Amino acid sequence: MEDNKVVRFGVSIKKKLFDAFEEFMRKKGYAKRSKAIRDLMRNAILEEAWKDKEGIITATVVIVYNHKMPLLTDKIVDIQHNYLKEVLFSSHVHINKINCMEITVLRGEVKRIYSFSKEFSKLRGVKFVKIVPAATGKDVI
Ligand code: NI
């Protein structure tokens, strides 16, 4: 019963952030601020919770990078080769003259998947790194 208790809380934020959030809600089609905040909280908790778990997950790692950066493409391929057991496949999309997107689908230990993703964050010329676990979230709220 205690789990279903509703808690009300107040948050102080800068007007600029508030306005940006209102705009975000409008674009996303949220009618109620509470619903938008609940969804964001769940997503953030879910994303963080996966990192501490053990076991096998399937996940997608998306990176966007500048392919003109010397040796960067080689480094990206090297990282994928260091995770031979985990990488199921990767796919490359040329976004424009400079930027490329690399999508890698992996299956393996949570820690290995996250360390794979972290390798890209360290590289100069990598502009975006996002890991998307195939989460059901059934044990997180
Ligand atoms: Ni490309």
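From the N terminus on, the elements of the protein run α-α-β-α-β-β-α-β. That order comprises four helices and four strands. Helices (H or I, at least four residues) and strands (E, at least two) are DSSP runs, numbered from the N terminus. The radius of gyration is 19 Å, well over the 14 Å that the globule rule gives for 141 residues, so the protein is more spread out than a compact globule. That radius is taken over C-alpha atoms, and the globule rule is 2.2 Å times the number of residues to the power 0.38.

This is a predicted model: local features need pLDDT of at least 70, side-chain atom pairs count only at pLDDT 80 or more, and totals for chains, interfaces and linings use all residues. Residues are numbered from 1 along each chain as its sequence is written.

**Overall layout**
- The C-alpha trace spans about 50 × 35 × 25 Å along its principal axes.
- The domain assignment gives domain 1 (13–51) and domain 2 (55–133); such bounds come from an automatic or database assignment.
- The centres of domain 1 and domain 2, taken over C-alpha atoms, are 27 Å apart.
- Residues 24 or more positions apart account for 65% of the contacts with a separation of 6 or more. A contact means that two C-beta atoms, placed from the backbone, lie within 7 Å.

**Burial and core**
- Buried residues make up 12% of the 141 residues. A residue is buried if 20 or more other C-beta atoms lie within 10 Å of its own, exposed if 12 or fewer, and partly exposed in between; C-beta atoms are placed from the backbone.
- The largest nonpolar core has 11 residues: A59, V61, I63, Y65, I76, I79, L106, I113, F116, F120 and I131.
- Two or more residues of this core come from each of β1 (56–66), α3 (72–82) and α4 (110–121). β1 gives the most, with four.
- A nonpolar core is a set of buried Ala, Val, Leu, Ile, Met, Phe, Trp, Tyr and Cys residues joined through C-beta atoms within 7 Å.
- Leaving aside neighbours within four places in sequence, Y65 contacts L72, I76, C100, G125, V126 and K127.

**Helix α1**
- α1 (residues 15–28) has 14 residues and reaches 20 Å from its first C-alpha to its last, close to the 20 Å expected. The expected span is 1.5 Å times one less than the number of residues.
- The number of buried residues in α1 is zero, so the helix lies largely in the open.
- Just after α1, G29 takes a positive phi of about 85°.

**Loop residue N96**
- N96 is found in the loop between β2 (87–94) and β3 (99–109).
- N96 counts as exposed because it has 6 C-beta neighbours inside 10 Å.
- N96 and T73 are 23 residues apart in sequence and 16 Å apart in space, C-alpha to C-alpha.
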